[in-house]
Amino acid sequence: MASVKRIYALALAKIFETVGNDTDYDTYSPLLLDSLLVEALPYENAIRCAAGQAELTHAPELDSITTDTLDWDDRICRMALPYGLAAVLLSDDESRKAESVLNRNEFLQALEDCAPATFETPSGWEAMDDGT
């Protein structure tokens, strides 16, 4: 769990910015984070499913940077989402395109890292009678 404000502050720290330093970041971050939550929803639901918890039907909608707590897995809130937001914030800065791509890759990798492993037996496979 983390507050929306904390996720925003962590994202800014990743790009060596501070809250209030760039009004565009302050203005657009809630909506950008809103879309990242939609992207992260399947990963959050996989974590919830593995823990025997009810899945979410939709991601929360964000209109502002608040102290409201997002009741999601810490790895998503404090690792993945800040990287994703940092990537999007830098996406229109020509001098920081490479940094944006690296942050996007970190976002995706963090989502993959927190996803629980799932194992399925392929259909048509049956246990062998001879113990093998």
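**A friendly note on the helix packing**

1. Leucine 90 is buried, with a relative accessible area of 0% (buried means under 20% relative accessible area, exposed over 50%, and partly exposed in between, using a 1.4 Å probe and protein chains only). This is a predicted model, in which local features need pLDDT of at least 70 and side-chain atom pairs count only at pLDDT 80 or more, while totals for chains, interfaces and linings use all residues. Residues are numbered from 1 along each chain as its sequence is written, and side-chain values use heavy atoms, with hydrogens and water left out.

2. Staying with leucine 90, you will find this residue in helix α3 (residues 74-90) (helices are DSSP runs of H or I with at least four residues, strands are runs of E with at least two, and both are numbered from the N terminus). Leaving aside neighbours within four places in sequence, leucine 90 is in contact with Ile15, Tyr25, Arg96, Glu99, Ser100 and Asn103 (contact means heavy atoms within 4.5 Å).

3. Serine 100 counts as buried at 9% relative accessibility. Not counting residues up to four places away in sequence, serine 100 touches Ala87, Leu90 and Ser91.

4. The crossing of α2 and α3 is right-handed (a crossing is left-handed if the near helix is turned anticlockwise from the far one by less than a right angle, and right-handed if clockwise). On the α2 side the contact includes Tyr25, Leu36, Ala40 and Ile47, and on the α3 side it includes Ile76, Leu81, Leu85 and Leu90. By class, the residues of this contact divide into 14 nonpolar, two polar and two charged (Ala, Val, Leu, Ile, Met, Phe, Trp, Tyr, Cys and Pro count as nonpolar, Asp, Glu, Lys and Arg as charged, and the others, Gly among them, as polar).

5. Helices α2 and α4 pack at an angle of about 20°, their axes 9 Å apart, and are therefore roughly parallel to each other. From α2 come Leu36, Glu39, Ala40, Tyr43 and Ile47, which meet Arg104, Phe107, Leu108, Leu111, Glu112 and Cys114 of α4. The contact of α2 with α4 has eight nonpolar, no polar and three charged residues.

6. Helix α1 (residues 4-14) packs against helix α2 (residues 23-50) at an angle of about 115°, with 11 Å between the axes. That makes α1 roughly perpendicular to α2, and the crossing of these helices is right-handed. Val4, Ile7, Tyr8 and Leu12 in α1 meet Tyr25, Asp26, Ser29 and Leu33 in α2. Six nonpolar residues, one polar and one charged make up the contact of α1 with α2.

7. Leaving aside neighbours within four places in sequence, isoleucine 7 is in contact with Ala2, Leu33, Leu70, Cys77, Leu81 and Pro82. Tyrosine 28 is 21 residues apart from isoleucine 7 in sequence and 14 Å apart in space, C-alpha to C-alpha.

8. Most residues other than glycine have a negative phi. Phenylalanine 16 has a positive phi, near 55°, and is exposed, with a relative accessible area of 74%.

9. Finally, the cysteines. The disulfide count comes to zero (a disulfide is a pair of cysteine sulfur atoms within 2.5 Å). For cysteine 49, the nearest cysteine sulfur is that of cysteine 114, 14 Å away. Cysteine 49 is partly exposed, with a relative accessible area of 48%. For cysteine 114, the nearest cysteine sulfur is that of cysteine 77, 9.9 Å away. Cysteine 114 counts as buried at 3% relative accessibility.

Terms used. Axes are lines fitted to C-alpha atoms, for helices over the stretch in contact, and angles run from 0 to 180 degrees between N-to-C directions. Angles under 35 degrees count as roughly parallel, over 145 as roughly antiparallel, 65 to 115 as roughly perpendicular and the rest as oblique.
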